Amino acid sequence: MSQRTQTPTRHAVVERPRRAVAVLAVAAATFSVVTTEMLPVGLLTSIGTGLHVSDGTAGLAVTLPGLVAALAALLLPVAVRRADRRTVLALLMALLAVADVASALAPAFGVLLAARVLVGVCIGGVWAVAAGLGARLAGPERAGRATAVIFSGIAVASVLGVPAGTLLGELAGWRWGFAALAGLALAVSVLLVTVLPRLPAQEGVRLGAFPGLLRIGRLRAGLLAVTLLVTGHFAAYTYVRPVLERVPGIGAGLISGLLLAYGTAGIVGNFAGGAVAARDPRRALSAISAGLGAVVLLMVPAGASPAASVALLVAWGLAYGGVSVSAQNWVMAAAPHAREAASALFAGVFNVAIALGAFAGGRVADSRGAGAVLWLGGGLAGLALLAVVCAGGSRHAAGAATGTR
């Protein structure tokens, strides 16, 4: 054995044939947590009927995990700061399996909410740890592509995971949807232990690290842009169904197919955005912010044209699909010395923005109508573009993001 393989290095030593398998295993973890997070959206009425609560109350099964995830993303890396990351990810997936089993067997809504708190812990923990593993698993020269693959689990969950779980829930009962996800989570836990190398903690994440990171101007600008962009997106997208239902010629049956097309475009956008962001995260986020803002605002006058509305919805998915991976590259570039702490901060901000967007969109929709959320979403995307532009150049950041100088 050579001296090089015996000496700890900054990145995990992964044999080339195993790199892709290791990265895909982490992507399977992100797929599992996001599918579990969003499954109640498709089963909301069934859950409410089965546990004797209103649809509005059943919606807490979606809101609560998001809020818990924001806290978990910050606190869990601190709690496990010395633990091997392979072990952390595998245990989080095992905990997700337990939470899904508890959800499937829940005799009352309170028990389901308790299980969903555990889901929130898993979401925040997996996101915070997995987001920064691209370079460690694939090497710095392939960090951008590996990060895009890891985040593709999020997009694929929307396109395949949630619809498949919803279909199973409709055919066999909502409890079986959670039971199937429990089996998936357990399988992914075993997969992670099998294919990932040892991933010793590279840095001891402490709560005191977060205020220090926020003193980095470039990181603050990126987090501000993410907050505005994600809040704007979810303010508008949460209510995209009633917006589409107002378009002549688009019936309720067609909307499901359109949302599938939106999700498919999101997968393409994830990899396209990741390719650009690996070289220049500022350019990627600028293009995404401008494109998303324009598309959402154009949905307003396009409401009378089915063809234009469909085209814009697909373009919306393409633009938003690149947000997560591009923002992650920005964060890594802004704080290359504290990648995991910065990833945890990013995950916390992202989840808070999701909840804030859905809440703000609901208030606007109730007071001014569903169409008004498009103005809100487009306006916030425009402010995100301003934040990115004001952040300055990014050549140094692009090199830092990929581990080069």
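The predicted model contains 8 aromatic pairs, where rings of Phe, Tyr and Trp (its six-membered ring) pair if their centres lie within 6.5 Å, and planes under 30 degrees apart count as stacked, over 60 as edge-to-face and the rest as tilted. One of these pairs joins tryptophan 127 and phenylalanine 346, edge-to-face, at 6.2 Å centre to centre and 90° between the planes. The two residues are 219 residues apart and link distant parts of the chain: tryptophan 127 sits in helix α7 (residues 109-130) and phenylalanine 346 in helix α18 (residues 339-368). Helices (H or I, at least four residues) and strands (E, at least two) are DSSP runs, numbered from the N terminus.

Tryptophan 127 is buried at 12% relative accessible area, and phenylalanine 346 is buried at 0%. Buried means under 20% relative accessible area, exposed over 50%, and partly exposed in between, with a 1.4 Å probe and protein chains only.

Phenylalanine 346 also pairs with phenylalanine 350: the ring centres are 5.7 Å apart and the planes at 75°, so this pair is edge-to-face. Both residues lie in helix α18, 4 residues apart, about one turn of the helix. Phenylalanine 350 is buried, at 3% relative accessibility. Trp127, Phe346 and Phe350 form one aromatic cluster.

A charge over a ring is found at tryptophan 330, where arginine 218 lies over the face at 4.6 Å from the ring centre. The criterion is NZ of Lys or CZ of Arg within 6 Å of the ring centre and within 35 degrees of the ring normal.

Residues are numbered from 1 along each chain as its sequence is written. In this predicted model, local features need pLDDT of at least 70, side-chain atom pairs count only at pLDDT 80 or more, and totals for chains, interfaces and linings use all residues, while side-chain values use heavy atoms, with hydrogens and water left out.
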